[in-house]
Amino acid sequence: MKAQWLMFALGSAAFGGVTAILAKVGVSGVDSNLATFYRTLVVLAFAGLLVSWRGDWAQLGSLSARNLAFLTLSGVATAASWLCYFRALQLAPASMVAPIDKLSVVVAVVLGVALLAEPMSWRLLMGVGLIVAGSVVIAGI
């Protein structure tokens, strides 16, 4: 199980890094909100194809009101994140925007500990501190 989540997490990191470069080039000379909308359509189509290929549409009816509410809120947060990200890419180099964007890891850890009672450790605090320090150093702020 550990190897599986780690493989997907590393895939997420790799695709996220590639995304920054592709988005930086793609958003050049285009309204950032329109670029985000188009990218979202591509994500929607790709996810729809994957759900269809795996035959997962039948599970749609099993989503509870709580699932739907939190997935909706997550979607709104994702949209806001992407809109901000694309605008930031228009205004600054990807090499500065991406490290600041990765401060989302710090936000996720803080919220996980505060709201989900996830365990806190010195190792976790050290890692969060290093992420913050690295983002600040790389972005030059």
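Predicted model: local features only at pLDDT ≥ 70, side-chain atom pairs only at ≥ 80, totals over all residues.
Some ground rules. Local features here need pLDDT of at least 70, side-chain atom pairs count only at pLDDT 80 or more, and totals for chains, interfaces and linings use all residues. Residues are numbered from 1 along each chain as its sequence is written, and side-chain values use heavy atoms, with hydrogens and water left out. Helices are DSSP runs of H or I with at least four residues, numbered from the N terminus.

Two packed helices are described by the angle between their axes and the distance between the axes. The axes are lines fitted to C-alpha atoms over the stretch in contact, and angles run from 0 to 180 degrees between N-to-C directions.

Take α3, residues 65-91, with α4, residues 94-101. They pack at about 155°, and their axes are 9 Å apart. The two are therefore roughly antiparallel, a label for angles over 145 degrees.

Which residues meet? From α3 there are Ser81, Tyr85, Ala88 and Leu89, and from α4 there are Ala94, Val97 and Asp101. Contact means heavy atoms within 4.5 Å. This set divides into five nonpolar, one polar and one charged. Nonpolar covers Ala, Val, Leu, Ile, Met, Phe, Trp, Tyr, Cys and Pro; charged covers Asp, Glu, Lys and Arg; the others, Gly among them, are polar.

Now the other side. α4 and α6, residues 122-139, pack at an angle of about 165°, with axes 8 Å apart. That makes α4 roughly antiparallel to α6 as well. Their crossing is left-handed. Ser95, Met96, Pro99 and Ile100 of α4 meet Ser135, Ile138 and Ala139 of α6. Here the count is five nonpolar, two polar and no charged.

Is Ser135 buried or exposed? Its relative accessibility is 4%, so serine 135 counts as buried; buried is under 20% relative accessible area, exposed over 50% and partly exposed in between, with a 1.4 Å probe and protein chains only. Leaving out residues up to four places away in sequence, serine 135 touches Pro99, Ile100 and Leu103.

Last, the core. A nonpolar core is a set of buried Ala, Val, Leu, Ile, Met, Phe, Trp, Tyr and Cys residues joined through side-chain atoms within 4.5 Å. The largest one has 10 residues, including Tyr85, Leu89, Ala94 and Val97. α1 (2-26), α3 and α4 each give two or more residues to this core.

Conventions. Parallel < 35°, antiparallel > 145°, perpendicular 65-115°, else oblique. Left-handed = near helix turned anticlockwise from the far one by under 90°.
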